[in-house]
Amino acid sequence: MSKRVTRSSKPLRLAIIGTGGISNTHLRHLAPLADRVQIVALADIKPKAMAQRIEDHKLGDVPQFTDYRKLLRQINPDAVDICTPNGLHAPVSIDSSRAGCHVLVEKPMAMNATEAKAMIAAAKKARRKLIVGFQYRYDPRTQMIRKAFDQGALGTIHFARVQALRRRGIPNWGVFGRKELQGGGPMIDIGVHALEMCHYAMGAPRPVAAMGQTFTYLGDKPSKTASRWPNWDYKTYTVEDLAVGHIRFADGAVLHIESSFAAHHQHEDLIDFQLMGSKGGASFADGTIYNDQFDHQVNVKADWLGPTDFHSHFANKMRLAVDHFLGREPNGAPGEHGLMVQQMLDAIYASADKGGREVAIKA
Ligand SMILES: NC(=O)c1ccc[n+]([C@@H]2O[C@H](COP(=O)([O-])OP(=O)(O)OC[C@H]3O[C@@H](n4cnc5c(N)ncnc54)[C@H](O)[C@@H]3O)[C@@H](O)[C@H]2O)c1
């Protein structure tokens, strides 16, 4: 991350919009950045959710709003951190850009690529920054694989295999089972994590077409089997349990993705990808590069990777977003990357609606 940037010495005035589950993690990792970021307001339609965050993070008398537009008008923050359900990412992001704020928006960037394009356009027009809340790209294993790709150690990438698999992990909170509010199920909710990091590690090639299929067989029925999140709302469940997709890229590479909230396989919870290129391959979960050296097939593994857990990802994501807004770091997850990921997700779902026929992705 060496690009030249203009620095600001004033602390960033940041507002959080949507103070449910994930905002807790955001606030936890904003706390150590108190020297350069100040939480200036919260917005949520549920006052209880805001009260809980204030108590958890000792935010004192921070102003609270049940209408985020009022917050934008009255507080005029430098930046907003959008942690609402997916269906609100685009309207809140566009309104915030228009109000002159930089935007950090949780994943997935939006419900679909049309919304993502409008978010990018609004930020550009307002000359404000837009960063997507992807976090797996900051994992040291992803960074190592991307460096290997950049330095030519993998050659031309031919094939990527991507997995975001839960055996029985249908969220029993929020609106994750409601297609009209979320855009889809596991593919858009957790598939997006594995897809964004793999796509980043491959050098962000342009997707040109995709095929996909989705299957629902458990989530729309009452939970019977013991599991970590039982009693999901099966009556409003309109998303898939399992989705598979096949994506083609302009450079000739192909990517296969599997994503499930519920499926009969050996993985309790897996986020992984593998790359196979002309000179080398890589595995995220094993943090290994595979190639030929010294007349032998060699596995290259870092002796010391650094932390790879969820909270370390978040610590990086929040620090890099704040520092990007302050002009100290370039954008690690620009809207344009979010858009390409969204185009792939859209095409997988569109293909599934057409019985699995290939769907073109226009640039
Ligand atoms: N990066 C990650 O690892 C990660 C993990 C979990 C969730 N997420 C993403 O974060 C987002 C929120 O997920 P969550 O688990 O926190 O959901 P949640 O349901 O716990 O929280 C969402 C909050 O948004 C509030 N909200 C709804 N409408 C609003 C409005 N008009 N204005 C302001 N607030 C409003 C809700 O009342 C709720 O408190 C989703 O997009 C999800 O995909 C990301």
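Predicted model: local features only at pLDDT ≥ 70, side-chain atom pairs only at ≥ 80, totals over all residues.
Two strands are said to pair if DSSP finds at least two bridges between them. Six strands, paired in the parallel sense, make up an open sheet whose order is 3-2-1-4-5-6.

One pairing may be followed in detail. Strand 1 (residues 12–17) runs parallel to strand 2 (residues 37–43), and six bridges join the two. Within this pairing, L14 has I39 of strand 2 as its bridge partner.

Two packed helices are described by the angle between their axes and the distance between the axes. For helix 6 (residues 140–150) and helix 8 (residues 186–201), the angle is about 30° and the axes are 8 Å apart. Angles under 35 degrees count as roughly parallel, and helix 6 and helix 8 are therefore roughly parallel to each other. Helix 6 contributes T142, I145, R146 and F149 to the contact, while helix 8 contributes M197, Y200 and A201. By class, five residues of this contact between helix 6 and helix 8 are nonpolar, one is polar and one is charged.

Finally, attention turns to the ligand. Of the 24 residues around the ligand, those that come nearest are G18, G20, G21, I22 and G174. The shell around the ligand comprises 10 nonpolar, nine polar and five charged residues. Domain 1 (12–136) and domain 2 (137–314 + 341–360) each supply at least three residues to this shell.

Methods:
Residues numbered from 1 in each chain as written. Axes fitted to C-alpha atoms, helices over the stretch in contact; angles between N-to-C directions. Helix = DSSP H or I, 4+ residues; strand = E, 2+ residues; numbered from the N terminus. Parallel < 35°, antiparallel > 145°, perpendicular 65-115°, else oblique. Contact = placed C-beta atoms within 7 Å. Nonpolar A, V, L, I, M, F, W, Y, C, P; charged D, E, K, R; others polar. Near = placed C-beta within 6 Å. Domains from an automatic or database assignment.
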